[in-house]
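Please look through the chain shown here before reading on. The report goes from the overall fold to single residues.

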Amino acid sequence: MDRFASENYVWYCPECNVELTRGDDAVACEDPAKCPNTEDWGGDACGYIVHTECHGVAKERRRSQ
């Protein structure tokens with residue numbers, strides 16, 4: 001098994017310390033009205049994968065075996 005395969009990683013929010021499901025509670029930030037980083041992006045949404053609850057940028061971490 002390839003240890004770098006995507007199924008060996010999970011999305012999580014480091015701010016809330018919870019695992020996330022992409023497309024459910026981890027989504028691409030595409031709405032400038034909801035993005036707290038709009039000013040830094042010239043009025044656009046940041047485009048990062050973010051936690052829907054806190055808008056923290058989601059990270060990938062290795063799934064524990």
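## The chain as a whole

The model is a predicted one. The chain has 5 strands and 0 helices, and from the N terminus on its elements run β-β-β-β-β. Of the 65 residues in the chain, 29% are buried. The accessible surface comes to about 4,700 Å², and carbon and sulfur atoms account for 44% of that surface. Among contacts between residues at least 6 apart in sequence, 46% join residues that are at least 24 apart.

Strand β1 covers residues 9-13. Because 4 of its 5 residues are buried, β1 is largely enclosed by the rest of the structure.

Which strands pair with β1? One is β5, residues 59-62, which runs antiparallel to β1 and is joined to it by 4 bridges. In this pairing, valine 10 stands opposite arginine 61. The other is β2, residues 18-20, which is also antiparallel to β1 and is joined to it by 3 bridges. Here tryptophan 11 has leucine 20 as its bridge partner.

Tryptophan 11 itself lies in β1. Leaving aside residues up to four places away in sequence, tryptophan 11 touches Val18, Glu19, Leu20, Arg22, Ile49, Ala58, Lys59 and Glu60. Tryptophan 11 and threonine 21 are 10 residues apart in sequence, and their C-alpha atoms are 6.7 Å apart in space.

The hairpin of β1 and β2 has 4 residues between the strands. Asparagine 17 is in the loop between these strands. This residue has a positive phi of about 55 degrees although it is not a glycine.

## The nonpolar cores

Which residues make up the largest nonpolar core? It has 6 residues in all: Trp11, Cys13, Leu20, Ala26, Ile49 and Ala58. Alanine 26, a member of this core, touches Leu20, Thr21, Ile49 and Val50, not counting residues up to four places away in sequence. A second, separate core has 5 residues, including Cys29, Cys35, Ala45 and Val50.

## The largest pocket

The largest pocket holds about 170 Å³ of space. Its lining consists of Val27, Ala28, Cys29, Glu30, Asp31, Lys34, Cys35, Val50, His51, Thr52 and His55. Strands β3 (26-28) and β4 each supply at least two residues of this lining. Two residues named in the lining, Cys29 and Cys35, are also named in the second core.

| Residue | Relative accessible area |
|---|---|
| Histidine 51 | 5% |
| Threonine 38 | 16% |
| Histidine 55 | 17% |
| Asparagine 17 | 55% |

Is histidine 51 buried or exposed? Its relative accessible area is 5%, and buried means under 20%, so histidine 51 is buried. It is placed in strand β4, residues 49-51. Its contacts, not counting residues up to four places away in sequence, are Cys13, Cys16, Val18, Leu20, Asp25 and Gly56. Histidine 51 is also one of the residues that line the largest pocket.

Where is threonine 38 found? It is in the loop between β3 and β4. With a relative accessible area of 16%, threonine 38 is buried. Threonine 38 touches Pro32, Gly43 and Asp44, again not counting residues up to four places away in sequence.

Histidine 55 lies in the loop between β4 and β5. At 17% relative accessibility, histidine 55 counts as buried. Histidine 55 has a positive phi of about 65 degrees although it is not a glycine. Histidine 55 is also among the lining residues of the largest pocket.

Is asparagine 17 buried or exposed? Exposed means over 50%, and asparagine 17 has a relative accessible area of 55%, so it counts as exposed.

## Putting it together

Strand β1 pairs with β5 and with β2. Tryptophan 11 of β1 belongs to the largest nonpolar core, along with Leu20, its bridge partner in β2.

Methods: Residues numbered from 1 in each chain as written. Predicted model: local features only at pLDDT ≥ 70, side-chain atom pairs only at ≥ 80, totals over all residues. Heavy atoms only, no water. Core = buried A, V, L, I, M, F, W, Y, C linked by side-chain atoms within 4.5 Å. Buried < 20%, exposed > 50% of the residue type's maximum accessible area, 1.4 Å probe, protein only. Contact = heavy atoms within 4.5 Å. Pairing = 2+ DSSP bridges. Areas by Shrake-Rupley, 256 points an atom, 1.4 Å probe, with all protein chains shown as cover. 1 Å grid on protein atoms, 1.4 Å probe; cavity = no way out; pocket = protein on both sides within 12 Å on 5 of 7 lines; lining within 4 Å. Points joined across faces, edges and corners; volume = space filled by probe spheres on them.
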